[in-house]
Structure formats: structure tokens, C-alpha cells
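Here are some friendly notes to read with the model open beside you.

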Amino acid sequence: MTQHTGTEDDVVTLLKRQHVRIRELFDEMTSATGERRRVVFRELVRMLAMHETAEEEVVHPAARRAFEQGPQVVDARLVEERSAKEMLSRLDRMDIDDPDFAPQLTALRQAVLDHADAEERLEFPLLSEGMPADRLARMAKAVRAAEKMAPTHPHPGVESMAANLTVGPFAALMDRTRDAVRKVMGKED
């Protein structure tokens, strides 16, 4: 197999860069205050929801089918994703000034970073070492396309490609409508 090129045309590199951005958003949440903190949190929620949906629709199915250990690796990632979505969903309904927000955000951060680390150690190597560069490039395009149609808020219980394809478009429409209304009303959280 051809080794991946390391560009964003490669799904593994694209997802790793998104993991870096997610880490940066968590870091910024710890220092941001007031309205800036609300804006950063909205971006974090949106990024996590879209990123996980794209992985569930494109990356996990490919890894599950392509490798002998794929089903075990993917099943463990899906359990992590559901847990993180449940945590994110609770936070998404809270005000950032709620006294419970900070400790729950800290727990979410740890869960998300552990999940990203597991993907980078266990799932992404299967893809980058075992798939040709042209397939990795097609998967990167598919991830970008899936993110355009993905919900912008977490929907726990929707961690499979079939569930995302069934519920995802409706949830994405509802989420984007809610986002637009919030923006017009001047309430970004």
C-alpha cells in the first residue's frame, strides 16, 4: 500500500488537524471570559458535532470493513463518542456561568482528548498504513462533504452511519435553524 502524503487531501491528516483545533478550542475555553467564552463554546460544540458525525459516516465504516481488528477498534471508539456526546449535550443545554459548567467541561475535555488519542493510536494507523493514498484522499473529500450536512449540536444515540444518514439531515436542519435564530436574536449560546 502507498503511504499517505500528509496533506489535508489525506483523511488521517485532515482529522488530526481537526483534533489539534479541538484541543485549541478547549484551551481557549479555559482562559476566555464573557461573550468570547460563549462564542468559543459555540464553535467547540459545532466542531465536535460535525467532526464526530463525519467520522461516524466515513472513517469508522471504512476501518470496520477494511481490517481484521477494525470492528473491535471502531466499537470502542463509538462507545467513547456516545459518552462524549451525552456530556456535550448536557453542557450545550447549560449556561456557561452555571457553577456546574466548568467541572463538566473539564470532564468532557478529558473524554474528548482521550478519544482523539485512541483514534490517533489505534484507528488512524490502520487507515494510513493499510489504504492507498487515492482512497485516503477520497475519504477526506467525503469527510468534508459529510461535515457540510452534519448536525451542529450533539445527538447522543446517533453513532452509526445508518443512524446519521437517517436522522442527520433532519437534525442538521433543525440545528442550523436554531443557530440562525440564536444569531438573529443576538444570543450565541
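Does Glu52 count as buried or exposed? Glu52 counts as buried, at 8% relative accessibility (buried means under 20% relative accessible area, exposed over 50%, and partly exposed in between, with a 1.4 Å probe and protein chains only).

1. Ground rules. This is a predicted model, in which local features need pLDDT of at least 70 and side-chain atom pairs count only at pLDDT 80 or more, while totals for chains, interfaces and linings use all residues. Residues are numbered from 1 along each chain as its sequence is written, and side-chain values use heavy atoms, with hydrogens and water left out.

2. The overall picture. The chain has six helices and zero strands, so its pattern along the sequence reads α-α-α-α-α-α (helices are DSSP runs of H or I with at least four residues, strands are runs of E with at least two, and both are numbered from the N terminus). Of the 189 residues in the chain, 46% are buried. The accessible surface comes to about 9400 Å², and carbon and sulfur atoms hold 57% of that (areas come from the Shrake-Rupley method with a 1.4 Å probe; for residues, only the protein chains shown count as cover). Among contacts with a separation of 6 or more, 75% are between residues 24 or more positions apart (contact means heavy atoms within 4.5 Å).

3. Back to Glu52. This residue lies in helix α2. Leaving aside residues up to four places away in sequence, Glu52 touches Glu81, Lys85, His115 and Glu119. Glu52 and Glu147 are 95 residues apart in sequence, yet their C-alpha atoms are 8.9 Å apart in space.

4. Helices α1 and α4. Two packed helices are described by the angle between their axes and the distance between the axes. For α1 (residues 11-31) and α4 (residues 101-130), the axes come within 11 Å and cross at roughly 165° (axes are lines fitted to C-alpha atoms, for helices over the stretch in contact, and angles run from 0 to 180 degrees between N-to-C directions). That makes α1 roughly antiparallel to α4 (angles over 145 degrees count as roughly antiparallel, under 35 as roughly parallel, 65 to 115 as roughly perpendicular and the rest as oblique). Their crossing is left-handed (the near helix is turned anticlockwise from the far one by less than a right angle; clockwise would be right-handed). Residues that meet here include Leu15, His19, Ile22 and Phe26 in α1, and Leu105, Leu108, Ala116 and Phe124 in α4. The contact divides into 13 nonpolar, three polar and six charged residues (Ala, Val, Leu, Ile, Met, Phe, Trp, Tyr, Cys and Pro count as nonpolar, Asp, Glu, Lys and Arg as charged, and the others, Gly among them, as polar).

5. A closer look at Ala116. This α4 residue counts as buried, at 5% relative accessibility. Ala116 touches His19 and Arg23, not counting residues up to four places away in sequence.

6. Helices α2 and α5. Helix α2 (residues 34-66) packs with helix α5 (residues 133-149) at an angle of about 145°, and their axes are 8 Å apart. The crossing of α2 and α5 is right-handed. Among the contact residues are Met50, Ala54, Val58 and Ala62 of α2, along with Met139, Ala142, Val143 and Ala146 of α5. By type, the contact has nine nonpolar, one polar and four charged residues.

7. Helices α1 and α5. Here the angle is about 45° and the axes are 7 Å apart. The two helices are therefore oblique to each other. Val11, Leu14, Leu15 and Gln18 of α1 make the contact with Leu136, Met139, Ala140, Val143, Arg144 and Glu147 of α5. That contact divides into seven nonpolar residues, one polar and two charged.

8. Arg42, in helix α2, is buried, with a relative accessible area of 12%. Arg42 and Asp92 are 50 residues apart in sequence and 8.4 Å apart in space, C-alpha to C-alpha. Asp134, in helix α5, counts as partly exposed at 46% relative accessibility. The C-alpha atoms of Asp134 and Asp10 are separated by 8.4 Å, and the two residues are 124 residues apart along the chain.
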